[in-house]
Amino acid sequence: MTQVVRSRGGALLGALAISTVATGVMFIAVPLELRSLHASPQATGITLAMFGLGAFLFEWVWGLVADRFGYARPLVVSMILFSAGMVFLARSTTVPQIALSYLVTTAMLVSVGPIGRSFLGTTLPPHLRATGLAVLSAEWLIGDAIGSGAGGLLIERMPISSVLSAAAVLPLITAALLVLVFRGYRQRFGHEVEPGAAQGARGRDWVPVMVVTAAIMVLFQVGAFGETAFLPLLVTVHLNLSAADAGTALFAAGLVGGLLLVPGGMASDRWGRRPAIIAGCLISAVGFLLYAVAGVFAAVIVAAAVRALGSSLIWPAATAWISDAAPRRRHALMMGLFGEFENLGGALGPAVGGIAWSMAGIPATFVVYAVAVGLAAAVAGLTGRLTPAAVRN
């Protein structure tokens, strides 16, 4: 853990933490803006799905760019474009405009996924890889949680457009810090590989790992992105509470998940990738069912904590599983493709949730998400033997 924090990767995490707060502000602002425009459940689901769609369309592109041009320049440019996208989002006044600007903004911010994961995945030794990648995911979750909580409080006092415009400054601060982080940094063959770092699976051992992980992550992310999209609406529409309460719920989910991710990564390094994924999926399913039956705000917080525990086991294990097997010379691209599995589920989650909401109410969306992560646990349990022993654990 100390080795991760004191490295250049630790400095990278610190710089990216600032921009993730802006992402959290979007997570609370966009659903509430759609509510204020009286968007239908289907329109709300489709619009919120633009986050997953934008990430799905562009994450692999950023991985490809990083393999070609290195880590520094793509990250700096993407943060500047992220800021511009938030300004566009702040000035959007109709549902179609919000959907388009949400997609464009997501396409820019998603660069941190493949580039950050590839940087850590190629420089950390195998026994620290899941832990290091867990720190990266924890930084995302905690930053998102802080942004959502602060955004909910500010929206109670200011127009949503003003909150988004103020948050647009944060990616610019990250861009400036990244210039300092990468000063003097040199890459060889697309990556700086430290002694003891993993060299990737041989041959085509990564193919079955990719296929299995793809199925798991799509099913899991249907629920994870759906939770982010519909939790504010569960609190404000179903429980008739305030925007500040909705922000608090997202803050609790993100903060607890972020704090648990590092122990979750350690569990993956100790127990193995597959057992951690199965346990995390089953715990997440319980959390979704608790959302579905929650009748008071305290029950929502308990459900968020259970869901966070499940996520803390799944994300580090699945990310390290792919990183273990990915070819080194195309590592950023492979991590980008891994992100595409997440993004596909992210695009499907809100859209499916909107349909379930229109048919049976908001609680039904969380029942659907519980079924999805239950299927992910089944995939991990039934297909684990397909992955080569050299990269399974």
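Tutor: Angles under 35 degrees count as roughly parallel, over 145 as roughly antiparallel, 65 to 115 as roughly perpendicular and the rest as oblique. Axes are lines fitted to C-alpha atoms, for helices over the stretch in contact, and angles run from 0 to 180 degrees between N-to-C directions. Helices (H or I, at least four residues) are DSSP runs, numbered from the N terminus. This is a predicted model, in which local features need pLDDT of at least 70, side-chain atom pairs count only at pLDDT 80 or more, and totals for chains, interfaces and linings use all residues. Residues are numbered from 1 along each chain as its sequence is written, and side-chain values use heavy atoms, with hydrogens and water left out.

Student: Are H3 and H5 roughly parallel or roughly antiparallel to each other?
Tutor: The axes of helix H3 (residues 41-69) and helix H5 (residues 95-109) come within 7 Å and cross at roughly 30 degrees. The two helices, H3 and H5, are therefore roughly parallel.

Student: How do the residues of the contact of H3 with H5 divide by class?
Tutor: Contact means heavy atoms within 4.5 Å. Residues of H3 including Phe51, Phe58 and Trp62 meet residues of H5 including Ile98, Tyr102 and Leu103. Ala, Val, Leu, Ile, Met, Phe, Trp, Tyr, Cys and Pro count as nonpolar, Asp, Glu, Lys and Arg as charged, and the others, Gly among them, as polar. The H3 and H5 contact has 15 nonpolar, 3 polar and no charged residues.

Student: How many charged residues has the contact of H3 with H4?
Tutor: The axes of H3 and H4 cross at roughly 135 degrees and come within 8 Å, which makes H3 oblique to H4. Trp62, Val65, Ala66 and Phe69 of H3 make the contact with Arg73, Pro74 and Ser78 of H4. By class, 5 are nonpolar, 1 is polar and the charged residues number 1.

Student: What is the orientation of H4 to H9?
Tutor: Helix H4 (residues 72-90) and helix H9 (residues 169-181) pack with their axes 8 Å apart, at an angle of about 165 degrees. That makes the orientation of H4 to H9 roughly antiparallel.

Student: At which residue does H11 bend?
Tutor: The bend at a residue is the angle between axes fitted to the seven residues ending there and the seven starting there. In H11, proline 263 follows the bend within four residues. The bend is about 35 degrees, at leucine 261.
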